[in-house]
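Thanks for making the time, everyone. I would like to walk you through one model this morning, going from the overall picture to some local details.

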Amino acid sequence: MADVPETTPTHRTLPLPDEAAVIARAATGDRTAFAQLMEHYQRACYGLAWRLLSDPDQAADATQDAFIHAYRAIGSYRGGIFRSWLLRITANASYDILRRAQRRPSSPLPDPEEGAPELPDLGAVNPEREATKGELYRHLEVALKRLPVDQRTAVVLCDVYGMDYNEVAAMTQSALGTVKSRIHRGRLRLRELMSEHRELFTG
Amino acid sequence: MLISNHPDDERLSALASRESDPATDAALTAHVSSCVRCTGLVDELGALRAALAELPDLAPHRPLRLLPPVDDAPASAADRLGGWVRRFFAPVIASGAALALVGTIGTAAPALSGMAAGGAAPSADERVTLQEVEPQASAADVVGAPAAATAGPAEGATADSAERASPLSTEAAAAAEGDSDPSAFDYADADDRLLGPNAERSPWPMVLFAGVALMVGALLLRWILVPRVG
């Protein structure tokens, strides 16, 4: 079996083969079609929510909220990449929960070493290479959780999920310059946190 | 080549994500291309970004409900409007009923107090008012003679009663000149005759009307917009 190219995000959810038709059915109120879409993309949504919130229960709640928002809004979906549309809704739902949690500072900060969901089985194609990747991802997840919330939010939305600076600024209700600064400081801090495992991503 | 005067790391991060404009950052690019430390940092940040962009999707730790309850179906514009009407129906009806009740009490109170006071002896003020109004009214309506033009002041009433009497006197004078039909009764002026031109109209009937209108409007909107079952 041919090796997967380096540039392809191997463990990201790809579109359904007949996605446009399923979306069209869901938009007319077909609940089975909507459930099919959510089932297909739930890992993508949960992954984003978990990375923003660092808490499995809050991430599940945010994903559930996102599904409800998506159900109400799918009638007004106007094309584009459905995954990106759904992830934007999930990011907004997660950010709402994050803001509510920040207003209650009594809740304890999660331990960055705990609560990480199980990574998908990465060893199917090239066991040795994928084992290294798995190690890199685990270290990256822990390092991301150690970033200050503002920097983590900006880095996750921009670098992990490819949103542009303007989108992130609108979502976090921050100035564009502030968002850029958070991303750059977040990346530099992440580099420091990953300094012991540099060979995993520079090799 | 190792250079001590390095650019700010945040600018190098911007360069790593290719957000810098090469035209304006020519000096930065020139520096990076000739500086081992900065080249290493930019490469490392670029590799870090690539690794972040590959992070996998994650399985939820508990099963998620993929669909909201059936009641939460996508709503059309008419449904949403119906929802608003349904939501505000009870408060609006209650407000209308309260207004109507207040208006009814306000409208009926003077009549009721008048009925209650009907059996009792009139107070001193009421006696004065009756004395002032009755002779003038009878003079104007029944006699309609030029003598009535001076009836008010001639009765020896107060200055205030003279003022109230003046429109009656003027009308009586006009009637005497034959400008109007003596048999026609001017209902618009009837209130003025009884209450005087400066008396304020009672707001309570309007409150009663507003309350009833509010209730009727709410009922109509609900009947039109809220779908009926069965």
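What you see is a predicted model, in which local features need pLDDT of at least 70 and side-chain atom pairs count only at pLDDT 80 or more, while totals for chains, interfaces and linings use all residues. Residues are numbered from 1 along each chain as its sequence is written, and chains are lettered from A and ligands numbered from 1 in the order in which they are written.

On confidence, pLDDT is the predictor's own confidence in each residue, on a scale from 0 to 100. Chain A has a mean pLDDT of 85, with 83% of its residues at 70 or more. Over residues 1-8 of chain A, however, pLDDT stays under 50, and for that stretch the model has 5 contacts beyond four places in sequence, a contact being two residues whose C-beta atoms, placed from the backbone, lie within 7 Å.

As for the fold, chain A has 9 helices and 0 strands, where helices (H or I, at least four residues) and strands (E, at least two) are DSSP runs numbered from the N terminus. Of the contacts in chain A with a separation of 6 or more, 66% are between residues 24 or more positions apart. Of the 203 residues in chain A, 36% are buried; buried means that 20 or more other C-beta atoms lie within 10 Å of the residue's own, exposed means 12 or fewer, and partly exposed is in between, again with C-beta atoms placed from the backbone.

Let me turn to two helix pairs. The axes of helix 3 and helix 4 (residues 82-102) of chain A come within 8 Å and cross at roughly 130°; axes here are lines fitted to C-alpha atoms, for helices over the stretch in contact, and angles run from 0 to 180 degrees between N-to-C directions. That angle makes helix 3 of chain A oblique to helix 4 of chain A, given that angles under 35 degrees count as roughly parallel, over 145 as roughly antiparallel, 65 to 115 as roughly perpendicular and the rest as oblique. Among the residues that meet there are A:Asp61 and A:His69 in helix 3 of chain A, and A:Ile89 and A:Ile97 in helix 4 of chain A.

In the second pair, helix 7 (residues 165-172) and helix 8 of chain A pack at about 105° with their axes 9 Å apart, and are therefore roughly perpendicular to each other. Here the residues of helix 7 of chain A, including A:Tyr165 and A:Val168, meet A:Leu176, A:Val179 and A:Lys180 in helix 8 of chain A.

Which residue lies in the loop between helix 7 and helix 8 of chain A? One found there is A:Gln173, whose phi is positive, near 50°, and which counts as exposed because it has 8 C-beta neighbours inside 10 Å. A:Ser54, in the loop between helix 2 and helix 3 of chain A, has a positive phi near 60°, but A:Ser54 counts as buried, with 24 C-beta neighbours inside 10 Å. As background, most residues other than glycine have a negative phi.

Finally, the contact between the chains takes 45 residues from chain A and 29 residues from chain B. On the side of chain A that touches chain B, helix 2 of chain A gives the most, with 11 residues.
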